[in-house]
Amino acid sequence: PPNQTPTNSQNGRALRYTRIEIDPEDGNRFWVASQTGLWRGTYDPGRLGQPEAQRADWVREFPTADTPAAWNLATSRSGDYWPSHATDLRVLPDPRDDERHEGRRRFLILYLAVYGQGIYRGRFDRRENRTEWDRALAVSWPARFGRVLVDVCVHRPQNVFAVAADLGLAL
């Protein structure tokens, strides 16, 4: 809902979605970047007869209760809308680790673009079913920047690229 703060949103709800990425080895798991943060959904085919909102289990991946305060979503609107805090996302197998869990790579890497803050890197652990986050891409951002986009080279996943909208730029 428009008057609800992003941190109070539940079950993947948002006014705007900016990217969806599917787990490369599990077609029932996906992540959704939105103006309320990053959500992980796990689709349950056995719930096909249920209402759409109940066909998946939702977990807010970012921000979480233990996310450092400096990483939290904004608590006020920008004009008549909430900024798209999670503006882009990429999910790929962790190239540094071949450990397996239930026949799949145990770890995935998530690169999350956050409005006005930059890029965060998460490491999703299939066995623990959770993601640990840190800041990524120590780059020189414009003094005032907004939407951020991110992409990763498929054949060289250590190559991560990002662009940001410069809010101080006069056109």
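# A chain of strands and its aromatic pairs

The accessible surface of the protein chain comes to about 9800 Å², and carbon and sulfur atoms account for 48% of that surface. Accessible areas come from the Shrake-Rupley method with a 1.4 Å probe, and for residues only the protein chains shown count as cover. The model is predicted, so local features need pLDDT of at least 70 and side-chain atom pairs count only at pLDDT 80 or more, while totals for chains, interfaces and linings use all residues. Residues are numbered from 1 along each chain as its sequence is written, and side-chain values use heavy atoms, with hydrogens and water left out.

The protein chain has 12 strands and 0 helices. Helices (H or I, at least four residues) and strands (E, at least two) are DSSP runs, numbered from the N terminus. Of the 171 residues in the chain, 40% count as buried. Buried means under 20% relative accessible area, exposed means over 50%, and partly exposed is in between (1.4 Å probe, protein chains only). Among contacts between residues at least 6 apart in sequence, 45% join residues at least 24 apart, where contact means heavy atoms within 4.5 Å.

The structure holds 4 aromatic pairs. Rings of Phe, Tyr and Trp (its six-membered ring) pair if their centres lie within 6.5 Å; planes under 30 degrees apart count as stacked, over 60 as edge-to-face and the rest as tilted. One of the pairs is Phe30 with Trp58: the ring centres are 5.4 Å apart and the planes stand at 85°, so this pair is edge-to-face. Because Phe30 lies in strand β2 (residues 29-34) and Trp58 in strand β4 (residues 56-62), the pair ties together parts that are 28 residues apart in sequence. Phe30 counts as buried at 15% relative accessibility, whereas Trp58, at 25%, counts as partly exposed.

Phe62 and Trp133 also form an edge-to-face pair, with 5.2 Å from centre to centre and 65° between the planes. This pair links distant parts of the chain, with Phe62 in strand β4 and Trp133 in strand β10 (residues 130-136), 71 residues apart. Both Phe62 and Trp133 are buried. Together with Tyr120, Phe62 and Trp133 form one aromatic cluster.

The charged end of Arg123 sits over the ring of Phe107, 3.6 Å from the ring centre. A charge sits over a ring if NZ of Lys or CZ of Arg is within 6 Å of the ring centre and within 35 degrees of the ring normal.

Arg40 is found in strand β3 (residues 37-43). With a relative accessible area of 4%, Arg40 is buried. Its side chain makes a polar contact of 2.6 Å with that of Glu61 and a polar contact of 3.1 Å with that of Asn129. A polar contact is a pair of N or O atoms within 3.5 Å; within protein, one must be able to donate a hydrogen and the other to accept it, and residues adjacent in sequence count only if both atoms are side-chain atoms. Not counting residues up to four places away in sequence, Arg40 touches residues including Phe30 and Trp58.

Val152 is in strand β11 (residues 145-152) and is buried, with a relative accessible area of 12%. Val152 touches Arg90, Leu92, Tyr111, Pro157, Asn159 and Val160, not counting residues up to four places away in sequence. From Val152 to Ala162 there are 10 residues in sequence and 8.9 Å in space, C-alpha to C-alpha.
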